[in-house]
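Here are my notes for you, point by point. Keep the viewer open while you read.

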Amino acid sequence: MTTFAEELKTIEEKVKAHLSDGRFQHCLRVKDYAIKLAKENHLDEEQAALAGLVHDYAKERPAEDFLKVIDQFDLDPDLKNWNRSIWHGVVGAVMIREELGINDPAILDAVVNHTTGDGVAMSPLAKVVFMADYLETGRTFPGVEEARKITDQSLDAGVFYQLKHTLAFLADQGNPIYPKTVASYNEWARHFSSK
Ligand code: DGI
Ligand code: FE
Ligand code: FE
């Protein structure tokens, strides 16, 4: 029998081996923040820890690796028009399943959605990982304290805060915006708007 702590340690070593130290430390902080948010929202802390730990597992893989997986697993061919920012979640989840042996669909779904968010039907675990990635203690962007407070009060309000600000930031930089990011924003905007 392996305990959860042992399983986490084994996965942690594998994640560490695939990432620069800075990115690995980010993953550890996301794990910790995900545990905090899971506690606050009465969710499974072990699932949150594991999902937080692995969420950026694929972040530093070469483009060819992602392109191969997109073909091999018949993922949406439109993905090829995007880049690592989008691939590391959507395609990275397949690598996490295949290479780390994580099969829990809730964890894989949280990884898939950690960059773009998802609509209002987004799972509580996916919300936790999405917010932990944004709010982990190493994040210092203007507004991060406000975002942490809002999220402590309401996970949903935090998700909308992040989508609003990320969309505005990407547009301000003149970056293309992945359709799912826009769709996620629209669903939450309708959910929170009175009109
Ligand atoms: O992987 P992280 O840096 O911890 O965080 P992330 O996965 O949330 O975001 C990765 C990058 O992707 C970040 O620079 C913002 C960017 N991003 C998020 N949504 C979109 C996006 N980039 C594009 N082009 N389109 C998006 O919709
Ligand atoms: Fe990421
Ligand atoms: Fe991240």
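This is a predicted model: local features need pLDDT of at least 70, side-chain atom pairs count only at pLDDT 80 or more; totals for chains, interfaces and linings use all residues.

1. His114 is buried, with a relative accessible area of 2%. His88 counts as buried too, at 3% relative accessibility. Both histidines give their NE2 atoms to the iron ion (ligand 2), and Asp56 (OD) is the other protein donor; the donors lie 2.1 to 2.2 Å from the ion. His88 belongs to helix α5 (residues 84-90), while His114 sits in the loop between α7 (105-112) and α8 (124-135), so this pair ties together parts that are 26 residues apart in sequence. If you want to find the donors by eye in the sequence, look for the spacing D-x31-H-x25-H.

2. Now the other iron. Which residues coordinate the iron ion (ligand 3)? They are His26 (NE2), His55 (NE2), Asp56 (OD) and Asp133 (OD), at 2.2 to 2.3 Å. Along the chain, these donors follow the spacing H-x28-H-D-x76-D. His26 is in helix α2 and Asp56 in the loop between α3 and α4, so that pair ties together parts that are 30 residues apart in sequence.

3. Asp56 deserves a point of its own. This residue coordinates both iron ions, ligand 2 and ligand 3, which are 3.5 Å apart. You'll find Asp56 in the loop between α3 (45-54) and α4 (63-72). Is Asp56 buried or exposed? Buried: the relative accessible area is 1%, and the cut-off for that word is under 20%.

4. Have a look at what surrounds Asp56. The side chain makes a polar contact of 2.8 Å with the side chain of Arg23, and another of 3.2 Å with that of His26. Leaving aside residues up to four places away in sequence, Asp56 touches Leu19, Arg23, His26, Cys27, His88, His114 and Asp133. That list includes His88 and His114, which are donors to ligand 2, as well as His26 and Asp133, which are donors to ligand 3.

5. Besides coordinating ligand 3, His26 has a side-chain polar contact of 2.7 Å with the side chain of Glu136. Residues up to four places away aside, His26 touches His55, Asp56, Asp133, Glu136 and Arg139.

6. On to ligand 1. There are 16 residues around this ligand, and Lys59, Thr115, Pro176, Tyr178 and Thr181 come nearest. Where are the polar atoms? One oxygen atom of ligand 1 is 2.8 Å from an N or O atom in the Thr115 side chain. At Pro176, a backbone N or O atom lies 2.8 Å from a nitrogen atom of ligand 1. On its own, ligand 1 has 560 Å² of accessible area, and the protein covers 81% of that.

7. A word on the nonpolar core. The largest one has 57 residues, of which Ile11, Val15, Val54, Ile96, Leu100, Ile102 and Met131 touch the most other members. Which helix gives this core its largest share? That is α8, with nine residues. As for Met131, its contacts beyond four places in sequence are Leu37, Thr151, Leu155, Gly158, Val159 and Gln162.

8. Finally, two backbone spots to check. Most residues other than glycine have a negative phi. His42 has a positive phi, near 55 degrees; the residue is in the loop between α2 and α3 and is exposed, with a relative accessible area of 75%. Asp74 also has a positive phi, about 50 degrees, although it is not a glycine. Asp74 is found in the loop between α4 and α5 and counts as exposed at 71% relative accessibility.

How values were computed: Residues are numbered from 1 along each chain as its sequence is written. Chains are lettered from A and ligands numbered from 1 in the order in which they are written. Side-chain values use heavy atoms; hydrogens and water are left out. Helices (H or I, at least four residues) and strands (E, at least two) are DSSP runs, numbered from the N terminus. Buried means under 20% relative accessible area, exposed over 50%, partly exposed in between (1.4 Å probe, protein chains only). A polar contact is a pair of N or O atoms within 3.5 Å; within protein, one must be able to donate a hydrogen and the other to accept it, and residues adjacent in sequence count only if both atoms are side-chain atoms. Contact means heavy atoms within 4.5 Å. Donors are N, O and S atoms within 2.8 Å of the metal (3.2 Å for Na, K and Ca); water is not among the atoms, so sites may look incomplete. A nonpolar core is a set of buried Ala, Val, Leu, Ile, Met, Phe, Trp, Tyr and Cys residues joined through side-chain atoms within 4.5 Å. A residue is near a molecule or strand if one of its heavy atoms lies within 4 Å of it. Accessible areas come from the Shrake-Rupley method with a 1.4 Å probe; for residues, only the protein chains shown count as cover.
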